[in-house]
Amino acid sequence: MLAMCQILGMGYVGGYIERQEMIQESVKVGQTMQKYFHSWEELYDSYLKGYCEWRKGAGEDAEKDIQARKDLCLKLKTMPDGPCAIEWNMAL
């Protein structure tokens, strides 16, 4: 689901969709995330689990890349003004 938001953002930056469409579709993705996960922690844990499974099957330097991704997620989760500072259950 996080990838969906990234793709929407890249579509907007690349000029394939308008800003309003990106926002509307991102809200739908956010609502779906709120339905399936109960916190930022659950979302990031699920993301990391999927990333680890994918990366282990992709070959060389997997552990290094996995640790870098875990470090990035921890940084995002603990940033005072980062994405996880936003209330999880906010109305979208």
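I started with Arg-55, which is buried at a relative accessible area of 8% (buried is under 20%, exposed over 50%, partly exposed in between, with a 1.4 Å probe and protein chains only). I am working on a predicted model, where local features need pLDDT of at least 70 and side-chain atom pairs count only at pLDDT 80 or more, while totals for chains, interfaces and linings use all residues. Residues are numbered from 1 along each chain as its sequence is written, and side-chain values use heavy atoms, with hydrogens and water left out.

**Entry: around Arg-55.** I placed Arg-55 in helix H3 (helices are DSSP runs of H or I with at least four residues, numbered from the N terminus). Leaving aside residues up to four places away in sequence, I found Arg-55 touching Glu-60, Asp-61, Ala-62, Asp-65 and Ile-66 (contact means heavy atoms within 4.5 Å).

**Entry: H3 against H4.** How do the axes of H3 and H4 cross? They come within 10 Å and cross at roughly 165° (axes are lines fitted to C-alpha atoms, for helices over the stretch in contact, with angles from 0 to 180 degrees between N-to-C directions). I therefore noted the two helices as roughly antiparallel (angles over 145 degrees). The crossing of H3 and H4 is right-handed (the near helix is turned clockwise from the far one by less than a right angle). The contact includes Tyr-44, Tyr-51 and Arg-55 of H3, and Ala-62, Asp-65, Ile-66 and Arg-69 of H4.

I also looked at Arg-69, whose charged end sits over the ring of Tyr-51, 4.1 Å from the ring centre (CZ of Arg, or NZ of Lys, within 6 Å of the centre and within 35 degrees of the ring normal).

**Entry: aromatic pairs.** I listed 4 aromatic pairs in the structure (rings of Phe, Tyr and Trp, the last by its six-membered ring, with centres within 6.5 Å; planes under 30 degrees apart are stacked, over 60 edge-to-face, the rest tilted). One of them joins Trp-40 and Tyr-44, with centres 6.5 Å apart and planes at 40°, so I logged the pair as tilted. Trp-40 and Tyr-44 are 4 residues apart in helix H3 (residues 40-56), about one helical turn.

Is Trp-40 buried or partly exposed? Trp-40 is partly exposed at 22%, whereas Tyr-44 is buried at 7%.

Trp-40 also pairs edge-to-face with Trp-88, at 4.9 Å between centres and 80° between planes. Trp-88 lies in the segment after helix H4 (62-78), so this pair ties together parts 48 residues apart in sequence. Trp-88 is buried too, at 11%.

Technical notes. Angles under 35 degrees count as roughly parallel, over 145 as roughly antiparallel, 65 to 115 as roughly perpendicular and the rest as oblique.
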